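Here is a short briefing to read with the model open beside you. Have a look at the fold, and then we can walk through it together.

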Amino acid sequence: MAALDSYDTMSINSDDEERPLMSLFMKLIDNKQSMVLTNAQILNILKIEFQMELSYIHELEKDIYLQCMKKFLNDWPRWDEFDEIASTMRTKQNTQGEKLKQYYNDLKIYLNRKLFEVKDLIHESIKDVVNKKEVANYDKDVVLEIRSTRSQLNELIFRRPHPDLHNSIFNIPGTPTKITVCGTRTIASIINWPSISITLNAYHMTLKRSMVPILKHKLINKKLSQLKSPPEKLNTHIQMKDLKVTSEHDKDKFLKELKLQNNFVICSSDIEKTLFSTLSNIIYTDLKTTPNLSLPAILRKKIPNYPYVRYLFSEVTTSKPLPDSNNYDLQLEETMIPQWQLSLRYDTKLCSDLGITVECGECNVSFAGAKIIEHFEEMHQAEPDWQCTKCDKTFDAICLSDSGWIHDCS
Ligand SMILES: [Zn+2]
Ligand SMILES: [Zn+2]
């Protein structure tokens with residue numbers, strides 16, 4: 001009878017979708033030759049006839065079930081009887097509905113009993129393999145490039161394949177979403193926000209402070225045990241880029257001059273005045289440990305001693321059952337090293353475009369300093385918390401940026 005050890009060929013696209021085994025019988029009556037079932041068809045039989053959803057179980061377990069089912073189907077003791085009946089039906093062009101139903105019930109009872117017998121055995125045999133939870137080899141990891149806004153990225157990954165969306169793990173909203181309101185921001189938090197650049201064009205002085213965080217993303221399954229690597233101790237020394245030095249400057253003198261610019265920078269509003277004074281205080285702190293400056297200069301510094309990490313994901317909301325919840329908890333691990341970059345320059349001639357300009361790298365826009373609060377209120381309200389990779393403490397993103405990405409790590 002049915003040769004069931006090959007995976008491809010003939011489809012038994014069911015006339016009787018409710019009862020794939022009955023459909024199998026009908027096909028066998030129609031086609032005298034033996035029938036080859038695909039793995040998908042066997043999975044369909046298990047799902048519909050025996051309410052066993054195997055799509056999400058461990059591959060090995062699924063494979064054992066498939067092999068067992070092939071054997072059980074082959075071994076059904078009544079195939080010879082069925083073949084006789086089938087051939088009668090075929091020649092007489094007459095379908096004996098009642099008889100067929102009996103065979104159908106008998107095959108179903110037989111398979112059900114067999115499946116019941118092996119269920120625990122299969123579960124037991126693969127337990128060790130599943131519990132071993134192979135750890136991925138990160139050297140060979142697949143790299144996926146994704147272009148998205150920050151708010152899309154925060155919600156990009158479903159914790160498990162979404163049954164309503166062809167089991168996709170990617171949450172791709174139809175329309176771009178905005179992050180919604182919560183918390184109050186300080187100007188310091190904005191200046192320290194990842195990918196914000198502030199340019200100050202003052203008399204005889206140009207200064208640009210940018211946040212250039214180092215971000216890494218990795219898709220992980222929290223249901224697999226991950227080898228937690230020890231936190232990476234960062235080199236927090238100030239790095240200087242070699243530029244053609246045109247003047248040597250005492251750092252304190254430079255900072256004093258920066259403060260004096262307050263009188264000259266054209267601040268069109270109170271917001272710009274606060275922005276300017278907060279920015280100069282932050283630069284003061286940035287340069288606290290710097291030796292003397294040679295201008296023009298480009299300096300860079302990783303701020304904390306250890307990176308921060310957070311896990312981004314979206315919950316799956318569906319009315320369908322989630323039989324795979326033991327296998328998946330997908331999350332996008334985002335690691336960040338906050339880092340600032342300063343470029344400082346004295347200009348011999350008067351700068352023509354005095355004022356403060358802000359660039360937001362996340363939104364890819366630039367605007368006058370006076371608009372900074374408005375931009376953040378509209379585009380950057382809430383963000384997931386960050387966790388320190390060294391002390392495991394969790395911090396609100398706004399508070400952390402307000403404190404310049406520094407915390408008590410004891
Ligand atoms: Zn923005
Ligand atoms: Zn810490």
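Which residue in strand 14 is the bridge partner of Glu 359? The partner is Ser 366. This is a predicted model, in which local features need pLDDT of at least 70 and side-chain atom pairs count only at pLDDT 80 or more, while totals for chains, interfaces and linings use all residues. Residues are numbered from 1 along each chain as its sequence is written, and chains are lettered from A and ligands numbered from 1 in the order in which they are written.

**Confidence**

- The protein has a mean pLDDT (the predictor's confidence in each residue, from 0 to 100) of 81, and 82% of its residues reach 70 or more.
- Residues 1–14 stay under 50 in pLDDT, and the model gives them 30 contacts beyond four places in sequence; two residues are in contact if their C-beta atoms, placed from the backbone, lie within 7 Å.
- Residues 176–182 also have a pLDDT below 50, with 15 contacts in the model beyond near neighbours in sequence.
- Where pLDDT is low, the predicted coordinates should not be read in detail.

- As for terms, strands (E, at least two residues) and helices (H or I, at least four) are DSSP runs, numbered from the N terminus; two strands pair if DSSP finds at least two bridges between them. Axes are lines fitted to C-alpha atoms, for helices over the stretch in contact, and angles run from 0 to 180 degrees between N-to-C directions.
- Strand 9 (residues 297–302) is antiparallel to strand 12, with 6 bridges, and Lys 302 stands opposite Gln 339.
- Strand 12 (residues 339–346) also pairs with strand 4 (residues 205–211), in the antiparallel sense over 7 bridges. Here Arg 209 has Leu 342 as its bridge partner, and Leu 207 has Leu 344.
- Strand 3 (residues 196–202) runs antiparallel to strand 13 (residues 355–360), joined by 6 bridges; Asn 201 is partnered by Gly 355.
- Strand 13 pairs in the antiparallel sense with strand 14 (residues 365–368) over 4 bridges. Their hairpin has 4 residues between the strands, and Asn 364 takes a positive phi near 60° there.

**Two helices in contact**

- Helix 2 (residues 39–50) packs against helix 3 (residues 59–75) at an angle of about 85°, with their axes 10 Å apart. That makes the two helices roughly perpendicular, a term for angles of 65 to 115 degrees.
- Asn 39, Ile 42 and Leu 46 of helix 2 make the contact with Tyr 65, Leu 66 and Met 69 of helix 3.

**Positive phi elsewhere**

- Most residues other than glycine have a negative phi.
- Ser 195 has a positive phi near 70° and is found in the loop between helix 7 (187–191) and strand 3. Ser 195 counts as partly exposed because it has 16 C-beta neighbours inside 10 Å.
- Trp 405 has a positive phi near 65° and lies in the segment after helix 11 (397–402). Trp 405 counts as buried because it has 22 C-beta neighbours inside 10 Å.
- Buried stands for 20 or more other C-beta atoms within 10 Å of a residue's own, exposed for 12 or fewer, and partly exposed for counts in between, with C-beta atoms placed from the backbone.

Definitions and conventions. Parallel < 35°, antiparallel > 145°, perpendicular 65-115°, else oblique.
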